[in-house]
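User: I'd like to go through this one and ask what stands behind each label. Can you take me through the terms as we go?

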Amino acid sequence: PTRRSSDLAFVSFPDPHHPFTPPGRYWDMYDPADFHPRLPYEAHKNPIPPMRWLHERWTKGERVAGGQEAFMASQKELQEAMALSCGMITMIDDAIGDIMAALHRSGRADDTIVVFTSDHGDYLGDFNLLLKGALMLRSINNVSFIWADPRAKAGAVSHALTSTVDIAPTIIERAGLKPYFGIQGKSLLSNLEGSTTLRDRLVIEHQDNMTRMGFKEPCMVRTLLAEGYRLTIYKGEEWGELYDHSVDPDETYNRWDDEGYTPVRLKLLEHLAQEMLSNTDQSPRARRRA
């Protein structure tokens, strides 16, 4: 029997991203006065050292707002950044609309899976911050993910813990192929209809390649999401983060040093160690001896 060849198109947009400069009509499409940052810096009860360092630079007028490092900004600046970001998002929406229209014109829309996602978010006003960095806030890590599949249930929503590393195994399984030995991640096909939990714990990794945000060396961060908590550790630092999402979904009260949360912290640290061991690359067993 003949098999129809498969095609893959990878389309990448740099926006929405800083610098906040959408072109043409997208520049002033939205009014900054219509936007209201949710979480001022003062909303955090006990900010961690890099957050305090960024705030001190801002208040002293020493911030660097033109590079690749997160910085704090005023209410007016945040509103402007939010409005411009929405302009960039609308620009991307229009571009994706053009792509989908071309797909329908080609006659392949009913035989094509479309995956939409992002590599990261932007602080975009949380605790007066802009851009991204080692602070593992939801605005950075909770990114959009859409799987549009002719065979899938339309409009299904899943809140299961998933990761970017799950995309490749999902595409491979959907194509009817077998993954290579040791591939990381899990196929999402089982929970695309929102009824199945893929995992109960998720690790998020951040590894910097330069020294910034007040750290003494490039920052290495590991985060665990589990059981309604977010635990984050920083290499070489005695402090860490622990947030209880059941009572503090905006992560405004760090419970790392709270004695009442010590049992939870120890349990989550053990879970994190086990997850990191599970994520270690594995090679096939050697069939011959040297």
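Analyst: Helices (H or I, at least four residues) and strands (E, at least two) are DSSP runs, numbered from the N terminus. This is a predicted model, where local features need pLDDT of at least 70, side-chain atom pairs count only at pLDDT 80 or more, and totals for chains, interfaces and linings use all residues. Residues are numbered from 1 along each chain as its sequence is written, and side-chain values use heavy atoms, with hydrogens and water left out.

User: How many helices and strands does the chain have by that rule?

Analyst: Five helices and eight strands. Along the sequence they run α-β-α-β-β-α-β-α-β-β-β-β-α.

User: What makes a residue count as buried?

Analyst: Its relative accessible area is under 20%; exposed means over 50%, and partly exposed is in between (1.4 Å probe, protein chains only). Of the 290 residues in the chain, 37% are buried.

User: Which residues of helix 4 are buried?

Analyst: Helix 4 spans residues 167-174, and Ile167, Pro169, Thr170, Ile172 and Arg174 are its buried ones.

User: And how do you know what covers the buried residues of helix 4?

Analyst: By contact, meaning heavy atoms within 4.5 Å. The cover includes strand 2 (114-117) and strand 4 (145-148).

User: What follows helix 4?

Analyst: Glycine 176, with a positive phi near 80°.

User: What share of contacts in the chain joins residues at least 24 apart?

Analyst: It's 59%, counted among contacts between residues at least 6 apart in sequence.
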